[in-house]
Amino acid sequence: MEWKIKTGLTRRQLLQVTAGGVIVSGLGATRGLAEPYDGAFTWISPRGTLEVLDDYPFWIGKKMGYFDGLDVEMQPGPSDGTATVKFVDVGQADMGFPSPGVFSFAIENGMNLKSAFHMGALDTFSLAFRKGEGPSDLKGIEGKTILLGSAAWQPIVDPLLAAQGVDISTINYVEAGWPTWGTALAAGQGDAALSWEGLRAEWISTGLEFEYWLGVQNSPLPANTFVVRAGDLDDPDRKAFLEQYLRGWAKGLEFAEHNPAAAVQAVFEQFPTLASNLGPQLGLMSIIQQMNVFRGDMSKREGWGWHDMASWQKFFDLSAEIGQNSNPIQAADVCSNDLIAAANDFDIDAVKADAAGAEVSEDLAAVDVEAIRNSMFDQAI
């Protein structure tokens, strides 16, 4: 049965009709109507599209039956960077995937959300420069113009720059449009553009060849995370559902470690146009970039989705220091590792066996994955 709100629209319809704008709590929807996930549990993207490699753990998990028949759905959401938290806050979706900057924006604006599963262990964000124009020291970007796909992305870039000692008051931001901000940089507008791992490969596939300052190599900050309404973690039934749901994601993450080509194939089967646009080489390049971010240093983590509270506290302290948050935020108050043990409670050997036995197309099987890994940072400055 599909969940309906009081306006008579289904939640899916509302997501569609608001896709061009920003949802607010004044649409007539009543918070809490999603209780107790009696419709499809809805995950909402922060980027306005699902046709990317980024969500590979879900698609391979779905293909392999790792969600154990749970009623779940994925929604692209609007491209507005803050919609992924606003929709969750008002009950139009159940889990969002914000950057730390957008998550802190949500907290600052009174949204009672909590991070339940930290996907991006390393900082996925980067700055793209036209070749030959990237500074050797990021402080060289002071006084320059950075292009964004959404104005809501500024809270992503400001902490990243501040952590490198950049005077952010000197930066000029320009909203160059979604999804054309990279094209605008290539055409000569601005001095740099926000990018992220995975997108680097997709930009190459469209002929956008830049050099990059890579957060994954240089930044101490965390990246995007899965957030839910804080109250859901206090509800035993919802908590049990979340543990089972996140176990599906964790198994998908583990699967890709052992057979990234099969994970790419699962995404390509879901989105044939993406397969056509990227092809096997760039598809694998994109997923390997993402895998590096999601895995981080697993020897220092307590499983997939585990939060490094020190890293998060560093981000929140920096966010307060630059005025992005008016009140200090304690990482332990808004990030929880309570679900991590259960999410990682699965038979790793069985997942490895699944990965080893998965068939992939000849084109994907022919790609030299090790060569991609060895050249992953060739575009770095």
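Predicted model: local features only at pLDDT ≥ 70, side-chain atom pairs only at ≥ 80, totals over all residues.

As general background, nonpolar side chains in soluble globular proteins tend to be buried together.

Let me take Tyr245 as an example. Leaving aside residues up to four places away in sequence, Tyr245 touches Phe41, Trp43, Phe58, Phe67, Leu70, Val72 and Met95. One of these contacts, Phe58, is among the buried residues of helix H2, residues 56-64; the others listed for that helix are Tyr56, Pro57, Trp59, Ile60 and Gly61. What covers the buried residues of H2? The cover includes strand E2 (72-75) and the helices H9 (236-258), H10 (260-270) and H11 (272-295). After H2 comes Gly65, with a positive phi near 75°.

I turn now to the loop between strand E1 (41-44) and H2, where Asp54 is found. Is Asp54 buried or exposed? The relative accessible area of Asp54 is 7%, below the 20% cut-off, and therefore this residue counts as buried. Its contacts, again without residues up to four places away in sequence, are Arg47, Trp196, Glu202, Gln290 and Phe294.

**The strands**

Strands E1 and E2 run parallel and are joined by 4 bridges. Within this pair, Thr42 has Glu73 of E2 as its bridge partner. In a regular strand, side chains alternate between the two faces of the sheet. In E2, Val72 and Met74 point one way, while Glu73 and Gln75 point the other way, and all are buried.

The bridge partner of Phe117 in E10 is Phe226.

There is also an open sheet of 5 strands, in the order E7-E6-E8-E5-E9 and with mixed pairing. Which strands lie at its edges? They are E7 (172-175) and E9 (210-214), each of which pairs on one side only. On average, neighbouring strands of this sheet are turned by 35° against each other, direction ignored. Strand E6, residues 145-148, and strand E8, residues 192-196, run parallel and are joined by 2 bridges. Here Leu147 is partnered with Ala193 of E8.

**A helix pair and an annotation**

Two packed helices are described by the angle between their axes and the distance between the axes. For helix H4 (residues 100-108) and helix H12 (residues 309-321), the angle is about 65° and the axes are 11 Å apart. Their crossing is right-handed. On the H4 side, the contact is made by Pro100, Gly101, Phe103, Ser104 and Ile107; on the H12 side, by Trp312, Phe315, Phe316 and Ser319.

Finally, I come to the database record. UniProt, in an unreviewed entry, places the feature "domain: SsuA/THI5-like" at residues 57-263. In the model, the end C-alpha atoms of this span lie 8 Å apart, and the span is 37% helix and 19% strand.

Conventions:
Residues numbered from 1 in each chain as written. Heavy atoms only, no water. Buried < 20%, exposed > 50% of the residue type's maximum accessible area, 1.4 Å probe, protein only. Contact = heavy atoms within 4.5 Å. Pairing = 2+ DSSP bridges. Axes fitted to C-alpha atoms, helices over the stretch in contact; angles between N-to-C directions. UniProt positions renumbered as here; feature names shortened; annotations may be inferred. Left-handed = near helix turned anticlockwise from the far one by under 90°.
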